[in-house]
Amino acid sequence: MRYHVAGQSHRGAVRESNQDVVDWRINDSGDQVLLVVADGMGGHQGGEVASRLAVDAVIESLEPEIASATAETTNDAIQAHLERAFALANERIVSRRSGDPRLEKMGTTLVVAWVRGNQVHIAHIGDSRCYSLRGSQAVCLTRDDTVVQNMLEDGSITRADVPNVPFRNVLTRAVGAEDQADPSYRHEALGEGDVLLLCSDGLTDSVPESRWLEILRESDGMERGVQALIDAGLANEAGDNVSVVLLTLEY
């Protein structure tokens with residue numbers, strides 16, 4: 001089995017800076033992959049600092065783990081490693097914020113996918129998402145930590161109301177916003193031909209999920225597919241930074 005990964009981040013059609021960060025690692029044996037997307041908040045400087053601190057902490061914490069993990073490494077152990085990586089990211093943001101009043105409101109979303117074989121382990125906080133593109137569907141594997149998601153689930157609004165909710169992007173949880181960061185966790189099996197997609201809300205807010213597969217099918221290669229998704233967001237005047245990371249499995 002081989003993994004192919006491509007990713008990119010763009011400041012979008014409106015923002016003057018890019019507070020998103022994307023990164024990934026494939027271990028030397030090529031049998032495990034780490035994918036990361038973070039979307040910072042807290043103003044121009046704060047958002048950039050928070051997202052970079054979070055991604056660097058995740059890579060520092062988990063790159064040695066994907067290098068040393070074996071087939072005997074349990075799912076519980078992987079979940080524990082992910083939780084420790086989030087704890088480290090949270091600790092570094094809280095520490096940095098405490099030393100600089102200009103950064104007092106900073107925090108970040110964070111979504112991490114650890115792929116081993118055909119198994120993906122996902123941890124996240126915030127509204128950056130992880131999807132599996134299967135057949136003709138884009139299946140979301142994460143739940144947004146937002147006020148509007150809570151309203152959807154308690155029946156206060158319908159899906160059609162979401163674009164008209166003025167505070168639809170207000171987060172209920174963010175890395176660095178509290179003393180502890182306890183990520184949501186999910187474990188899924190990927191099938192042959194599945195595409196794993198991680199993204200910030202700049203993509204989900206500007207390009208309907210129903211168009212993603214068509215855009216990718218019309219693209220020649222993964223790098224161009226990532227670029228095409230971002231270009232579609234820019235064509236729709238994406239109001240936020242747009243970040244995408246794609247992974248495909250080759251058996």
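**Group meeting: a walk through the predicted model**

Hi everyone, let's start with the open sheet: 5 strands in the order E2-E3-E4-E5-E8, paired in the antiparallel sense. At its edges are strand E2 (20-26) and strand E8 (184-189), each pairing on one side only. Strands here, like helices, are DSSP runs numbered from the N terminus (helices are H or I with at least four residues, strands E with at least two). Two strands count as paired if DSSP finds at least two bridges between them. On average, neighbouring strands of this sheet are turned by 10° against each other, direction ignored. For angles, axes are lines fitted to C-alpha atoms, for helices over the stretch in contact, and the values run from 0 to 180 degrees between N-to-C directions.

A quick word on the ground rules. This is a predicted model, where local features need pLDDT of at least 70 and side-chain atom pairs count only at pLDDT 80 or more, while totals for chains, interfaces and linings use all residues. Residues are numbered from 1 along each chain as its sequence is written, and side-chain values use heavy atoms, with hydrogens and water left out.

How confident is the predictor? pLDDT is its confidence in each residue, from 0 to 100. The protein chain has a mean of 94, and 100% of its residues reach 70 or more. Confidence is lowest in helix H3 (residues 147-154), at a mean of 93, and highest in E5, at 98.

Back to the sheet. Strand E4 (residues 107-116) pairs with strand E5 (residues 119-125) over 7 antiparallel bridges, and tryptophan 114 stands opposite histidine 121 in E5. Helix H2 (residues 75-98) packs on the sheet and touches E4, E5 and E8, its direction making about 155° with that of E4. Contact means heavy atoms within 4.5 Å.

Now the inside. The largest nonpolar core has 31 residues, and those touching the most other members are Leu34, Val36, Val58, Leu62, Leu110, Val112 and Trp114. Such a core is a set of buried Ala, Val, Leu, Ile, Met, Phe, Trp, Tyr and Cys residues joined through side-chain atoms within 4.5 Å. Buried means under 20% relative accessible area, exposed over 50%, and partly exposed in between (1.4 Å probe, protein chains only). Strand E3 (32-41), helix H1 (43-68), H2, E4 and E5 each supply at least two residues of this core, and H1 gives the most, with 10 residues. Apart from this core lies another, of 21 residues, including Leu203 and Leu246.

Strand E1 (residues 2-10) runs antiparallel to E10, joined by 9 bridges, with alanine 6 opposite leucine 246. Strand E9 (residues 195-199) also pairs with E10 in the antiparallel sense, over 5 bridges; there, leucine 198 has valine 245 as its bridge partner.

How many aromatic pairs does a search of the whole structure find? The search finds 1. The rings of tyrosine 131 and tryptophan 212 have centres 4.7 Å apart and planes at 80°, so the pair is edge-to-face. Rings of Phe, Tyr and Trp (its six-membered ring) pair if their centres lie within 6.5 Å; planes under 30 degrees apart are stacked, over 60 edge-to-face, and the rest tilted. Tyrosine 131 is in strand E6 (residues 129-134) and tryptophan 212 in helix H5 (residues 209-217), 81 residues apart.

Key:
pLDDT is the predictor's confidence in each residue, from 0 to 100.
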